[in-house]
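Morning, everyone. Please look at the model on the screen while I go through it.

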Amino acid sequence: MSKLALVTGATSGIGKAFAERFAADGYDLITVGRRQDRLDQFAADHPDVKVRTVAADLSTEEGIDAVASYCVDEPLEMLVNNAGVSHYMPLADLPADKARDLVNVKVLAPTQLMRAAVGGMQRRGSGTILNVAGMIAFSGPADKSVMPRRAAYAGTLAYLVAMTQTLAAEVEDSGVKVGVVCPGVVATEFHSSQGLDMSAVPRMSADDLVTGALRGLELGETVSAPGVEDYQLLQDVFTADLAAFGGQSPRLATRYTT
Ligand SMILES: NC(=O)c1ccc[n+]([C@@H]2O[C@H](COP(=O)([O-])OP(=O)(O)OC[C@H]3O[C@@H](n4cnc5c(N)ncnc54)[C@H](OP(=O)(O)O)[C@@H]3O)[C@@H](O)[C@H]2O)c1
């Protein structure tokens with residue numbers, strides 16, 4: 001029986017590249033996105049694999065619930081939480097509906113889909129969950145000169161990194177793998193769809209990003225970063241995170257007492 005992968009945001013860019021890779025590797029697919037015409041086209045272009053399309057808006061509770069039911073009912077071997085929107089702008093300018101969409105698509109949907117999928121994977125002793133975050137997850141300490149502004153977007157990516165790391169430890173030794181890939185700038189529709197021209201910026205291809213993400217899982221990297229040559233840079237971040245976490249105590253730190 002073929003293995004089954006569910007990919008969100010499979011209508012373009014990185015998600016489509018994941019779906020193409022899985023199809024080439026013989027997976028059956030459940031592809032998710034809002035644009036049914038693109039989902040249909042993908043299925044028509046891949047007649048050798050079984051492709052089920054789910055047109056769902058992951059910024060809505062109904063859309064999330066509809067996709068989550070596939071995660072519960074189907075024996076997924078692979079879940080890729082990739083769908084995303086950018087909505088780069090200073091927080092005060094970010095319309096409330098866009099803030100809601102961003103958090104729903106990048107935080108609520110992956111959380112609910114992971115929650116729905118992980119129990120079955122644990123029971124079967126097999127399965128992989130891969131989240132797509134971004135290097136911007138690590139950009140919090142950057143100063144004001146770093147543009148464009150994107151506090152909410154950065155926050156959603158940092159959430160995915162911390163959640164993935166914590167869940168990976170939670171399912172350790174269960175046969176389930178959990179990872180998060182952190183792209184830098186990738187050549188997709190992500191920026192052009194909100195009117196940003198990134199064509200002058202060197203960008204990774206979506207195909208290379210997928211290669212890096214899947215190889216990162218094989219290497220045992222819970223957090224992979226296909227554009228970072230020196231992985232020690234990330235290890236140093238995690239070591240520093242744990243040092244700060246372990247450095248706390250119930251006593252008020254002296255610098256706050258004077
Ligand atoms: N490109 C980059 O430079 C870059 C860098 C770091 C991280 N990332 C991350 O990579 C992921 C994929 O982005 P991409 O670069 O491939 O961009 P993209 O080409 O714009 O693709 C975004 C995908 O997300 C889907 N999507 C957006 N809103 C959705 C919604 N409400 N419900 C369901 N699906 C939705 C879109 O499908 P429909 O429009 O059909 O719904 C589309 O398939 C994103 O999560 C992004 O945060 C990208």
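**Helix contacts and the ligand shell**

Start with helix 3 and helix 4: Ile-64, Val-67, Ala-68, Cys-71 and Val-72 in helix 3 meet Leu-108, Ala-109, Gln-112, Leu-113, Ala-116, Ala-117 and Gly-120 in helix 4. Contact means C-beta atoms, placed from the backbone, within 7 Å. Helices are DSSP runs (H or I, at least four residues), numbered from the N terminus. By class, this contact has ten nonpolar, two polar and no charged residues. Nonpolar is Ala, Val, Leu, Ile, Met, Phe, Trp, Tyr, Cys and Pro; charged is Asp, Glu, Lys and Arg; the others, Gly among them, are polar.

A word on the source. This is a predicted model: local features need pLDDT of at least 70, side-chain atom pairs count only at pLDDT 80 or more, and totals for chains, interfaces and linings use all residues. Residues are numbered from 1 along each chain as its sequence is written.

Back to the pair. The axes of helix 3 (residues 61-73) and helix 4 (residues 96-124) come within 8 Å and cross at roughly 20 degrees. Axes are lines fitted to C-alpha atoms over the stretch in contact, and angles run from 0 to 180 degrees between N-to-C directions. So helix 3 is roughly parallel to helix 4 (angles under 35 degrees).

Now the ligand. How many residues surround the ligand? There are 29, and the closest are Gly-9, Gly-13, Arg-34, Gly-84 and Gly-134. The cut-off is a C-beta atom, placed from the backbone, within 6 Å. The shell splits into eleven nonpolar, 13 polar and five charged. Helix 1 (residues 13-24) gives the largest share, three residues.

Helix 1 also packs on helix 6 (residues 206-218), at about 60 degrees with axes 9 Å apart.

Technical notes:
Helices (H or I, at least four residues) and strands (E, at least two) are DSSP runs, numbered from the N terminus. Angles under 35 degrees count as roughly parallel, over 145 as roughly antiparallel, 65 to 115 as roughly perpendicular and the rest as oblique. Two residues are in contact if their C-beta atoms, placed from the backbone, lie within 7 Å.
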